[in-house]
Amino acid sequence: MIWLGLTKFMTRESCIIMGAVGFGDGIAPLVGQRFGKHRFRFPFGGVKSFEGSLSVGLGSIFGMWLFLNGLSLPLLNVEQSLKYAFISAILEACSPQAFDNLVIPLGICYIYGSL
């Protein structure tokens, strides 16, 4: 996060990343452990639940909106919000257990330039 603060300070990209990691990835284990009934596993990731992955997407949308609105930056449209929420959920599901806080920001940073 030091890299994010030094290189992307108060940008749309940083708000997208912080929303995905702070809210989306932060709420996933809580929802997944409490309500997760439908389990799946990606090749490099651990066992995840569909409900936890859905909460990553929804939490990311809320976090992106909160950070963008809080910094008075232009909000994302619905299509962009859904794209980044889907991407963050896939990245979180595919990443190994301890590396999701590294994979999500790097993946979104890479994809941000191409979307």
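This is a predicted model: local features need pLDDT of at least 70, side-chain atom pairs count only at pLDDT 80 or more; totals for chains, interfaces and linings use all residues.
1. Helix α4 (residues 78–94) packs against α5 at an angle of about 140°, with the axes 9 Å apart. α4 and α5 are therefore oblique to each other. Their crossing is right-handed. On the α4 side the contact is made by Tyr84, Ile87, Ser88, Leu91 and Glu92; α5 supplies Asp100, Val103, Ile104, Gly107, Ile108, Ile111 and Tyr112. By class, the residues of this contact between α4 and α5 are eight nonpolar, two polar and two charged.

2. Helix α5 (residues 100–112) also meets helix α2 (residues 12–35): the two axes come within 10 Å and cross at roughly 150°. That angle makes α2 roughly antiparallel to α5. α2 passes α5 in a right-handed crossing. From α2, the residues in contact are Arg12, Glu13, Ile16, Ile17, Ala20, Val21 and Asp25; from α5, they are Asp100, Asn101, Ile104, Pro105, Ile108, Cys109 and Tyr112. The contact of α2 with α5 comprises nine nonpolar residues, one polar and four charged.

3. The crossing of α3 past α4 is right-handed. Ser53, Val56, Gly57, Ser60, Ile61 and Met64 of α3 meet Ser81, Leu82, Tyr84, Ala85, Ser88, Ala89, Glu92 and Ala93 of α4. Sorted by class, the α3 and α4 contact has eight nonpolar residues, five polar and one charged.

4. Ser49 lies in strand β2, which spans residues 47–49. Ser49 has a relative accessible area of 4%, so this residue is buried. A polar atom of the Ser49 side chain lies 3.0 Å from the backbone nitrogen of Gly52. Leaving aside residues up to four places away in sequence, Ser49 touches Gly32, Gly36, His38, Arg39 and Phe40.

5. Met18 lies in helix α2. With a relative accessibility of 29%, Met18 counts as partly exposed. Met18 and Ser60 are 42 residues apart along the chain, and their C-alpha atoms are separated by 8.5 Å. Ser60 is among the α3 residues that meet α4.

6. Two backbone angles deserve a check. Most residues other than glycine have a negative phi. Met10, in the loop between α1 (2–7) and α2, has a positive phi near 55° and is not a glycine. The relative accessible area of Met10 is 45%, which means partly exposed.

7. Ser72, found in the loop between α3 and α4, is likewise a residue other than glycine with a positive phi, near 55°. At 67% relative accessible area, Ser72 is exposed.

Note on methods
Residues are numbered from 1 along each chain as its sequence is written. Side-chain values use heavy atoms; hydrogens and water are left out. Helices (H or I, at least four residues) and strands (E, at least two) are DSSP runs, numbered from the N terminus. Buried means under 20% relative accessible area, exposed over 50%, partly exposed in between (1.4 Å probe, protein chains only). A polar contact is a pair of N or O atoms within 3.5 Å; within protein, one must be able to donate a hydrogen and the other to accept it, and residues adjacent in sequence count only if both atoms are side-chain atoms. Contact means heavy atoms within 4.5 Å. Axes are lines fitted to C-alpha atoms, for helices over the stretch in contact, and angles run from 0 to 180 degrees between N-to-C directions. Angles under 35 degrees count as roughly parallel, over 145 as roughly antiparallel, 65 to 115 as roughly perpendicular and the rest as oblique. A crossing is left-handed if the near helix is turned anticlockwise from the far one by less than a right angle, and right-handed if clockwise. Ala, Val, Leu, Ile, Met, Phe, Trp, Tyr, Cys and Pro count as nonpolar, Asp, Glu, Lys and Arg as charged, and the others, Gly among them, as polar.
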